[in-house]
Amino acid sequence: MSSPMPEPERLQIEPITQADDAQIAAIIRKVMPEFGASGCGFAINDPEVDWMSRAYAGPRSAYFVLRRDGRVLGGGGVAPLEGGGADTCELRKMYFLPEARGLGAGAAMMERCLEAARAFGFRRCYLETLTGMDAAMRLYERSGFRRIDGPMGATGHGGCNTFYLRDL
């Protein structure tokens, strides 16, 4: 017997607060290894993972959490692309616990992040991912991202091997 689908109105996307930092750090550390993204060259090792609310409080940056009944189930954000042009942002650290997948949360989070990027005046959005993150890549392509041949900027994530760009 399958469990009932969660009610979409109970899912909320909100700006991250300091109170969310520990929950989102735990999610990132749980989800990334699922896809083999736990060694050197992956975002899981970025110092900001433990203080995401502070890391995304800077100019032209935003991070959002997906919440249901007060519990954080995932998140995603945008910030200027390190080493990139002023018109290019990066979609960053978009991860969801398994219970949040398949509910449309990824598409809703993507739209919220791209909306923020446009409001910050970015004209393009870049992202890096890893072969094997098939559902994520389908979401990126449905959201208008196109695969590009190689990395942009200086993200420090040498473990990523698939790159996308989208005009905003």
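This is a predicted model: local features need pLDDT of at least 70, side-chain atom pairs count only at pLDDT 80 or more; totals for chains, interfaces and linings use all residues.
**Entry 1**

Which residue forms a salt bridge with Arg67? I found Glu14, with the closest N and O atoms 2.6 Å apart; a salt bridge needs a side-chain nitrogen of Lys or Arg within 4 Å of a carboxyl oxygen of Asp or Glu. Arg67 lies in strand 2 and Glu14 in strand 1 (residues 11-15), so this pair ties together parts that are 53 residues apart in sequence. Helices (H or I, at least four residues) and strands (E, at least two) are DSSP runs, numbered from the N terminus. Glu14 has a relative accessible area of 26% and is therefore partly exposed.

**Entry 1: other salt bridges**

I searched the whole structure and noted 9 salt bridges. One of them joins the side chains of Glu99 and Arg71, at 2.6 Å from N to O. Since Glu99 lies in the loop between strand 4 and helix 3 and Arg71 in strand 3, the pair ties together parts 28 residues apart in sequence. Glu99 is partly exposed at 37% relative accessibility, and Arg71 is partly exposed with a relative accessible area of 39%. I then noted that salt bridges with shared partners join Glu14, Asp20 and Arg67 into one network.

I also looked up Asp50 and Arg29, whose side chains meet in a salt bridge of 2.8 Å, N to O. Asp50 is in the loop between helix 1 (21-34) and helix 2 (52-55), whereas Arg29 is in helix 1, 21 residues apart.

**Entry 2: helix 3**

I checked the length of helix 3 (residues 105-119), whose 15 residues should span 21 Å at 1.5 Å a residue, and its end C-alpha atoms are 21 Å apart, which agrees; the expected span is 1.5 Å times one less than the number of residues. Its buried residues include Ala105, Met109, Cys113 and Ala117. Gly121, which follows helix 3, has a positive phi near 90°.

Most residues other than glycine have a negative phi. I found a positive phi of about 50° at Asp69, which is not a glycine, and one of about 45° at Lys93, which is not a glycine either. Is each of them buried or exposed? Asp69, in the loop between strand 2 (62-68) and strand 3 (71-80), counts as exposed at 56% relative accessibility. Lys93, found in strand 4 (residues 88-96), counts as buried at 7% relative accessibility.

How values were computed
Residues are numbered from 1 along each chain as its sequence is written. Side-chain values use heavy atoms; hydrogens and water are left out. Buried means under 20% relative accessible area, exposed over 50%, partly exposed in between (1.4 Å probe, protein chains only).
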